[in-house]
Amino acid sequence: MKKHYCLNCQHRLKTDICEKCSFDNSKENLDSLSEHEIKRLCYLQLKQIKSDLNYAYSFLIVGLILLVIGSVFLGLSFRFDVIGLRVFTPTSMEFIVSMITLAVSLGLLTLFCIKFFYNRSRKKFNEEILDKIKNNAKK
Ligand SMILES: [Zn+2]
């Protein structure tokens, strides 16, 4: 099923009336709005989506940096023992630091994915409405 969002606040819709802002998203009401008004709402949302996506990219960058740092520390937790063999030392400070950094990194990357796909779907939704208006204007 296609996802629908409130045209006024972009809350995910279950019914025509938005739970968050009580905007009427029914076809009848949307038809009564002027094209200009719908366009204005869409552009407003696209602007918001753009800044949300930029915010999500900062999660991606910090997540990737932490992933690298975590991997370096994980490598460091393999220490040489007295006879020169590399031994995994799970009680070492390096291993603890690497686990914490990797966990935070994983969390940030997950958040990025959620935000990215959510906003991409919202973007598509708004662009489709704008396309429809554009095509109507051409006829
Ligand atoms: Zn709403």
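**Briefing: helices, burial and backbone of a predicted chain**

Ser-22 is found in the segment before α1, where helices (H or I, at least four residues) and strands (E, at least two) are DSSP runs, numbered from the N terminus. The model is a predicted one, in which local features need pLDDT of at least 70 and side-chain atom pairs count only at pLDDT 80 or more, while totals for chains, interfaces and linings use all residues. Residues are numbered from 1 along each chain as its sequence is written. The chain holds three helices and two strands, which follow one another from the N terminus in the order α-α-β-β-α.

**Overall dimensions**

- The radius of gyration of the chain is 24 Å, whereas a compact globule of 139 residues would have one near 14 Å; the radius is taken over C-alpha atoms, and the globule rule is 2.2 Å times the number of residues to the power 0.38.
- Along its principal axes, the C-alpha trace spans about 80 × 30 × 25 Å.
- Of the 139 residues, 13% count as buried, a residue being buried if 20 or more other C-beta atoms lie within 10 Å of its own, exposed if 12 or fewer, and partly exposed in between, with C-beta atoms placed from the backbone.
- Among the contacts with a separation of 6 or more, 53% join residues 24 or more positions apart, two residues being in contact if their C-beta atoms, placed from the backbone, lie within 7 Å.

- Helix α3 (residues 93-138) has 46 residues and should span 68 Å at 1.5 Å a residue, which agrees with the 66 Å between its end C-alpha atoms; the expected span is 1.5 Å times one less than the number of residues.
- The buried residues of α3 are Ser-98, Thr-101, Ser-105, Leu-108, Phe-112, Arg-122 and Asn-126, and what covers them includes α2 (35-76).
- α2 and α3 pack at an angle of about 160 degrees with their axes 7 Å apart, the axes being lines fitted to C-alpha atoms, for helices over the stretch in contact, and the angles running from 0 to 180 degrees between N-to-C directions.
- The two helices α2 and α3 are therefore roughly antiparallel to each other, since angles under 35 degrees count as roughly parallel, over 145 as roughly antiparallel, 65 to 115 as roughly perpendicular and the rest as oblique.

- Most residues other than glycine have a negative phi.
- Gln-10, which lies in the segment before α1 (27-32), is not a glycine and yet has a positive phi of about 65 degrees; Gln-10 counts as buried because it has 22 C-beta neighbours inside 10 Å.
- Ser-22, also a residue other than glycine, has a positive phi near 55 degrees, but Ser-22 counts as exposed, with 10 C-beta neighbours inside 10 Å.
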